[in-house]
Protein chains: 2
Amino acid sequence: MIALEQFHTFLKKKGFIYPSSEIYGGVSGLYDYGHLGTLLKRNLENTWRNFFLNLDQNYYEIDACQIMHHDVFKASGHIEHFLDPVLNCSKCAFFDRADHFLAENTEEQHLEGLNLKKYDSLIKSHKLKCPKCKSPFQQTKLINMMFPINLGTGQSNTAYLRPETAQSPYVDFKLQYELQRKKLPLGLAIIGKAFRNEISPRNLTLRQREFTQAELQIFFNPENFPTNFKKVENYKLNILLVKDRKTKKTKSLACKSLKKQLPEWYLYHLATVQKFFLETLKIPKEKFRLFELNKEERAFYNKFHFDIEVELNNLGFTEIGGLHYRTDHDLSGHQEVSKQSLEIMDEHNKKFIPHVLEISLGVDRMLYSLLDLAYQENKKRGNVILSLPKKLSPFFCAVFPLVKNKPAITKKAQKVYQDLKTCYSCFYDQTSSVGRRYARADEVGIPYIITVDFDTLKDNKVTIRDLKTTKQTRVKISELKDKLFKLYFS
Amino acid sequence: MIALEQFHTFLKKKGFIYPSSEIYGGVSGLYDYGHLGTLLKRNLENTWRNFFLNLDQNYYEIDACQIMHHDVFKASGHIEHFLDPVLNCSKCAFFDRADHFLAENTEEQHLEGLNLKKYDSLIKSHKLKCPKCKSPFQQTKLINMMFPINLGTGQSNTAYLRPETAQSPYVDFKLQYELQRKKLPLGLAIIGKAFRNEISPRNLTLRQREFTQAELQIFFNPENFPTNFKKVENYKLNILLVKDRKTKKTKSLACKSLKKQLPEWYLYHLATVQKFFLETLKIPKEKFRLFELNKEERAFYNKFHFDIEVELNNLGFTEIGGLHYRTDHDLSGHQEVSKQSLEIMDEHNKKFIPHVLEISLGVDRMLYSLLDLAYQENKKRGNVILSLPKKLSPFFCAVFPLVKNKPAITKKAQKVYQDLKTCYSCFYDQTSSVGRRYARADEVGIPYIITVDFDTLKDNKVTIRDLKTTKQTRVKISELKDKLFKLYFS
């Protein structure tokens, strides 16, 4: 297994992910995607769209501002509750999140969300001091994790960068409902940025201050949320329930066996999310689990909450997202503060406030997981292979002329490349030996390499080399596009 | 011509653009894209990518953080120079940009960038008072238009939301250069958000506080920037030069006729940008112009600067973007402040700092222009037609069952729809009469409507209706996909 730091260096060297503003020493918790990272991110976002927006004809994507009105967060509870406990050194500039600091320096567990006096007493009982200058700590304080934005001039007009994309669909719900079929369930999706003033950002893009979420908010009538449960009732979920937590063993349970604890519509969506990870993102089954949160761990408004977790190298099972039944908490809050009715009518002309099921996924976290699980050091080939799902790879194919100093060959290769790139994300490379080029292509996960060689000039055929097997197949240029089309869907 | 306010109501009603956080009264200068606006924006962004990233094999997209290090903006000059003159009322809360306020309330012209005393003397000589309470104004002040962000806790660690995407490629340049072919020209593109604390946001998405830019930064050696000038030398630019400004007449001039004033590589890119607007976005030629800025108008570091303008209803020629030759201003500034060498070697092993040509376009402004020019009230049909370029339309096609109470027909229509939407952005509608559905589809610019009728049940054929001509063609269902494919590229 590659060490964490070495893996992050690999990601930088290949142009996937590197620190933002790096020539200025970087900024903690901010990362940029290089040219390959950007292609992968775009493919991943489009894959998410294709999957989740196609779950229902009444699901739509919207694109909303990241800066939002002050009162949005009064209603959502973020101004009052979105707080982190911070430990400051009494002398030097050191600070950390109290719960993180305790977790790393003691054997204590379940440290999130305690009251401040409890943190102070734990610091005292473990005799913890500032790791930098050995001075005692100040009393633990709470700070709000949102970034305030002052709009305009002179007058105090505070807005906030949204800490989750979710609030935009909630605020826009009534208008979009009126614009659509006036029918539930209604899904509003956003792929967009969210911002949190993390006290201790860590693990590259897994905990950032600026990050991309892909969230689908499904508004539904709690008395009637029709789903095709029949289709998934025998589907087995990889699941770790609260009651099984002491065994630490993930179980494989058919949806129908959980009907006593969870409603059909919730189970249906657990299955849907798992299918996305296993079948679309190709995450190995044993590296995926749905992790149930207990009452203390989940937000007070979440009636059901399972984290979506992937097991990463070095880091173990890591939260990539969550499936949250938020009840009518959000819309009720916005109705109360905005004084705008967010109620709608059911089929019996009874007014009600829709409930919300949220499928929340971190784009950066999914992307990191894909790279983490794709990385393989292949001893036989003597190089790294990035074994990404082929539809997600930054480049689906590449064209190489066998040698670069034969104009007839490079010209032909350029022609093949120009033609392929109208259909496929395609890369062209003629520098260094063809062996080195194969190795470089392996490292960035290009599934198919097309090579133009001396024989091509005679028979108008090229070879297609498969990343995973290294098997080469000879194909007529005139049939190349169709052949790749079949491989894309194979 | 539709009145401005009425047009903006249309855009809201159809789900293109509406005020952000609207249930809280909105926030000045912030707008959300609804479901159709989002589809259109995504198509536009992908169209931009296809066009500009394909200009050269050495052009790449990156995806960088919006929050950037404090020193980025010290180096770029934004902390010192990115200021607007603000007029505050001495009594009430009224404020406005001094130059905008003077432009609207006097006959004065060329008011941007004057010194503060000049604004005060103009206010005095025109005897202007606060329009709200008639009190006198305070002295004009300068405020910085960037939004500061305080990271972490306790310590002052100020960063900024970037006011233009451009700074990310500048800061990332050296790293990306090393990761790529180590060859110039190198293009780094970003489609992303930028933020400005506009004093007086206006005209919907034309001047916002949070907006999306599509910018391509081309790094090149000023001694050798090879372009295919031959290809455009006879291409005629729609251009308004400084020297022709008093005539107010846009001229149509072949690129080669401008070779005395502008280098070939700059003319080549003027032609490229014009082709994008005319041939890809289908902006009518007479509604497009390249507007040269004079020395006072352009930023001091821009050696050549043409605004890219489109003539809009109600608003006249409006800036949509610009082509800026920024010299080595940016990289030199970052080198000086970061103390990191941003020099590279030319082919004679001479060190130099690359120069930058920036193609900067506002995504929101392009999108607004497309909608503005597409809007037509068709008296004959008695409804609005949104005549968007068909590759950009939110939906490329729609499927309608002729009637909704014949299960055989709706089932067939659903089947056709499910099949088409694997290839095309497709909409399904069975509510209300087919005539009303045609009208609604016209209003959101769906180029092709497929109708399943009683005959379909017998002959397995459907009709395709053309938005622009209303002409209907009957096609076999088995040939529908291919037919639409041809129409897509026609």
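**Two chains, one shared surface**

All right, the interface first. 100% of the interface residues of chain A are also interface residues in chain B, so the copies meet through the same surface. Contact here means heavy atoms within 4.5 Å.

Before going on, the ground rules. This is a predicted model, in which local features need pLDDT of at least 70 and side-chain atom pairs count only at pLDDT 80 or more, while totals for chains, interfaces and linings use all residues. Residues are numbered from 1 along each chain as its sequence is written, chains are lettered from A and ligands numbered from 1 in the order in which they are written, and side-chain values use heavy atoms, with hydrogens and water left out.

Back to the interface. On chain A, 75 residues are in contact with 75 residues of chain B. The two chains bury about 6300 Å² between them, with 56% of it on carbon and sulfur atoms. Buried area is the accessible area (1.4 Å probe) that two parts lose on being put together, summed over both. Within chain A, the residues that lose the most area to chain B are Ile23(A), Tyr24(A) and Asp63(A), together 13% of what that side buries.

How are the copies related?

Next, helix packing. Helices (H or I, at least four residues) and strands (E, at least two) are DSSP runs, numbered from the N terminus. Axes are lines fitted to C-alpha atoms, for helices over the stretch in contact, and angles run from 0 to 180 degrees between N-to-C directions.

In chain A, helix H5 (residues 98-105) packs on helix H6 (residues 116-125) at about 30 degrees, with the axes 11 Å apart. H5(A) and H6(A) are therefore roughly parallel; angles under 35 degrees count as that, over 145 as roughly antiparallel, 65 to 115 as roughly perpendicular and the rest as oblique. From H5(A), Ala98(A), Asp99(A), Phe101(A) and Leu102(A) meet Tyr119(A), Leu122(A) and Ile123(A) of H6(A).

In chain B, helix H2 (residues 35-52) and helix H8 (residues 264-280) pack at about 135 degrees, axes 12 Å apart. That makes H2(B) oblique to H8(B). Thr47(B), Trp48(B), Phe51(B) and Phe52(B) of H2(B) make the contact with Thr272(B), Phe276(B) and Thr280(B) of H8(B).

Last, the backbone. Most residues other than glycine have a negative phi, and most peptide bonds are trans. Which peptide bond in chain A is cis? The one joining Leu184(A) and Pro185(A), with omega about -10 degrees. Pro185(A) lies in the loop between helix H7 (167-179) and strand E10 (186-195) of chain A. In chain B, the bond from Leu184(B) to Pro185(B) is cis, with omega near -10 degrees. Asn314(A) is not a glycine, yet has a positive phi of about 70 degrees. Asn314(A) sits in the loop between strand E15 (304-312) and strand E16 (316-327) of chain A.
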